[in-house]
Amino acid sequence: EMSESAARCSPRAVLLAAEVLPRMPPDDDGSSAGGPGPGPRLRLVRGMFHALRARMGNCLSAAAVGVFPALVKALADHLLALHDDGFDGDGETEEYVRILRLCVRLVAAHHTPVGHL
């Protein structure tokens, strides 16, 4: 179990990660430069998800600094790129999209005003 201070993350770090995602090259065929395993994009998305999921305060502060639009843009850019390429997706791409959608949901729960639901 993580302590309170270990579960905290910088909302600016999550924002930076969300803004960097669309600019990163796509992950290769499931292997990174260091050998088999998830690529850098998938590792970054997993890290963001764990940071947001670890503590509700992380989601609140991330929503306050504007992570929601950056996450939606990253998801939209990725889905549009897949659609344009006619790519059906592999396991890693599907996991990337699934985790990115979960990140969007977590932040949206704290970003969206009640009147818009």
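This is a predicted model: local features need pLDDT of at least 70, side-chain atom pairs count only at pLDDT 80 or more; totals for chains, interfaces and linings use all residues.
D77 is partly exposed, with a relative accessible area of 29%, where partly exposed denotes the range between buried (under 20% relative accessible area) and exposed (over 50%), computed with a 1.4 Å probe on protein chains only. Residues are numbered from 1 along each chain as its sequence is written, and side-chain values rest on heavy atoms, with hydrogens and water left out.

The side chain of D77 forms a salt bridge with that of K73 at 2.7 Å, N to O; a salt bridge is here a side-chain nitrogen of Lys or Arg within 4 Å of a carboxyl oxygen of Asp or Glu. Both residues belong to helix α5, four residues apart, or about one turn of the helix; helices (H or I, at least four residues) and strands (E, at least two) are DSSP runs numbered from the N terminus. K73 is likewise partly exposed, at 46%.

Two salt bridges are counted by this rule. One of them joins the side chains of E95 and R46 (2.8 Å, N to O). This pair links distant parts of the chain, 49 residues apart, with E95 in helix α6 (residues 91-111) and R46 in helix α3 (residues 40-54). E95 is partly exposed at 22% relative accessibility, and R46 is partly exposed at 27%.

Helix α5 (residues 67-85) also contains H78, which is buried at 14% relative accessible area. Beyond its neighbours within four places in sequence, H78 contacts R41, T93, Y96 and V97, contact meaning heavy atoms within 4.5 Å.
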